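Work through the exercises below with the sequence and the model open side by side. Try each task before reading its solution.

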Amino acid sequence: MYLLIYVDDLIIAHKNSDEIAKLTGILNKHFETKDLGEVTYYLGIDIQREKDGSFLFNQSAKIESILQQFNMTEAKGTSTPMDTAYPKLEGEDDLLTSNEQYRQAVGALLYIATTTRPDIAAAMSLLCRRVDKPRQRDWNAIKRVMRYLKQTKDLSLKLSASGDLNLMGYVDSDWAGDHSTRKSTSGYLLKLGNSPISWSSKKQMSVALSSTEAEYISAAYASQEIVWLQQLLKDLGEATLEPTVLFEDNQACIKLTSEKISARTKHIDVRHHYIHDLVDQKVIVLVYCESEK
């Protein structure tokens, strides 16, 4: 039996409904509880269950609430979350007089990005970097994300009901993509079978001196999440027996994870060599995947 708790909201999962009833009876001896039956809504997420047992997670109601909060209900939708020219815009000539509204919008959209919508994760990663001194162009970019969500609010994240519990992932990086600091951005998507369960887009802490180093650091970030997920699966009685495949589009990076640390790589932060050890232990295996795939 699994019990998920967030403050006073609980989800109980078990194969036998009688066992769930037994637990709720025990809880009722100590707390006043209300049984809402099959889960359909949890922490702002609408949950639907298909006939084959798969789950669909949707946050259209939360998106509508955000659009109303920022007077975007009548705005025209758009098919992409961010203009590709935005990351290249420099200068501080159009700073907003206050960052309060910008912070509120970033906070609201981050919950959407981290819960059910990996498609806006990269855009939000960039926009989060401007919370201290947002510019008018940053506010316009935030509104574009809202317009994109308005047009795509009915999209759902699908968790398939499948016996395939093979953990695998994709990792990538842009090199020196941040034009002000020349730092790179790491991105990964991890899947359990056909279901996306973890994703991230995050600016790296240090400046990478090559695209290979940027990719290597990204793979190290992803590997930390993989190790945690492997431990979680083990706790759930579904231990992974084979190394987790991590797809990478940089051949030099893959080679770096299996070679001895040399004079050309000794400057890389020690924590990023963590993945080197995981490859040695056969916890992770990096496999080449072409960029367009």
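This is a predicted model: local features need pLDDT of at least 70, side-chain atom pairs count only at pLDDT 80 or more; totals for chains, interfaces and linings use all residues.

**Exercise 1. A helix residue and its surroundings**

- Step 1. Lys-202 is 12 residues from Ala-214 along the chain, and their C-alpha atoms are 12 Å apart.

**Exercise 2. A serine in α6**

Task: Which residues does Ser-223 contact, leaving aside neighbours within four places in sequence?

Solution. 
- Step 1. Locate the residue. Ser-223 belongs to helix α6, which spans residues 211-235.
- Step 2. Ser-223 is buried, because its relative accessible area is 0%.
- Step 3. Read off the partners. They are Tyr-274, Ile-275, Leu-278 and Ile-284.

**Exercise 3. The nonpolar cores**

Task: Find the residues that touch the most other members of the largest nonpolar core, then look for a second core.

Solution. 
- Step 1. Start with the largest core. It has 27 residues. Met-124, Leu-127, Ile-142 and Met-146 touch the most other members.
- Step 2. Take the second core. It is separate and has 24 residues, including Val-171, Tyr-188, Leu-233 and Ile-284.
- Step 3. Go back to Leu-127. Setting aside residues up to four places away in sequence, Leu-127 touches Met-82, Tyr-86, Tyr-102, Val-106, Asp-138, Ala-141, Ile-142 and Val-145.

**Exercise 4. Strands and a hairpin**

Task: Work out how β1 and β2 pair, then give the strand order of the open sheet.

Solution. 
- Step 1. Take β1 (residues 2-6) and β2 (residues 9-13). They pair in the antiparallel sense over five bridges.
- Step 2. Check one pair. Tyr-6 stands opposite Asp-9 in β2.
- Step 3. Look at the turn. β1 and β2 make a hairpin with two residues between them.
- Step 4. Turn to the open sheet. Four strands run in the order β3-β4-β5-β6, with antiparallel pairing.
- Step 5. Name the edges. β3 (41-42) and β6 (157-159) each pair on one side only.
- Step 6. Inspect one pairing. β5 (residues 55-58) and β6 are antiparallel over three bridges. Phe-55 stands opposite Leu-159 in β6.

**Exercise 5. Positive phi angles**

Task: What are the phi values of Val-7 and Lys-282, and where do Val-7 and Lys-282 lie?

Solution. 
- Step 1. Most residues other than glycine have a negative phi.
- Step 2. Read the values. Phi of Val-7 is near 55°. For Lys-282, phi is about 60°.
- Step 3. Val-7 is in the loop between β1 and β2. Lys-282 is in the loop between α8 (274-280) and β11 (284-288).
- Step 4. Check exposure. The cut-off for exposed is over 50%. Val-7 has a relative accessible area of 70%, so Val-7 is exposed. Lys-282 has 62%, so Lys-282 is exposed.

**Exercise 6. A loop asparagine**

Task: Is Asn-99 buried, partly exposed or exposed, and which residues does Asn-99 touch?

Solution. 
- Step 1. Find Asn-99 in the loop between α2 and α3.
- Step 2. At 22%, Asn-99 counts as partly exposed.
- Step 3. List the contacts, not counting residues up to four places away in sequence. Asn-99 touches Val-131, Asp-132 and Pro-134.
- Step 4. Trp-139 is 40 residues from Asn-99 in sequence, and their C-alpha atoms are 9.6 Å apart.

**Exercise 7. The whole chain**

Task: How many helices and strands does the protein have, and what share of its residues is buried?

Solution. 
- Step 1. Count the elements. There are eight helices and 11 strands.
- Step 2. Take the buried share. It is 39% of the 293 residues.
- Step 3. Count charged side chains. There are 35 positive and 40 negative ones, and the centres of the two sets lie 3 Å apart.

Definitions and conventions. Residues are numbered from 1 along each chain as its sequence is written. Side-chain values use heavy atoms; hydrogens and water are left out. A nonpolar core is a set of buried Ala, Val, Leu, Ile, Met, Phe, Trp, Tyr and Cys residues joined through side-chain atoms within 4.5 Å. Buried means under 20% relative accessible area, exposed over 50%, partly exposed in between (1.4 Å probe, protein chains only). Contact means heavy atoms within 4.5 Å. Lys and Arg count as positive and Asp and Glu as negative; His and the chain ends are not counted. The place of a charge is taken as NZ of Lys, CZ of Arg, CG of Asp or CD of Glu. Two strands pair if DSSP finds at least two bridges between them.
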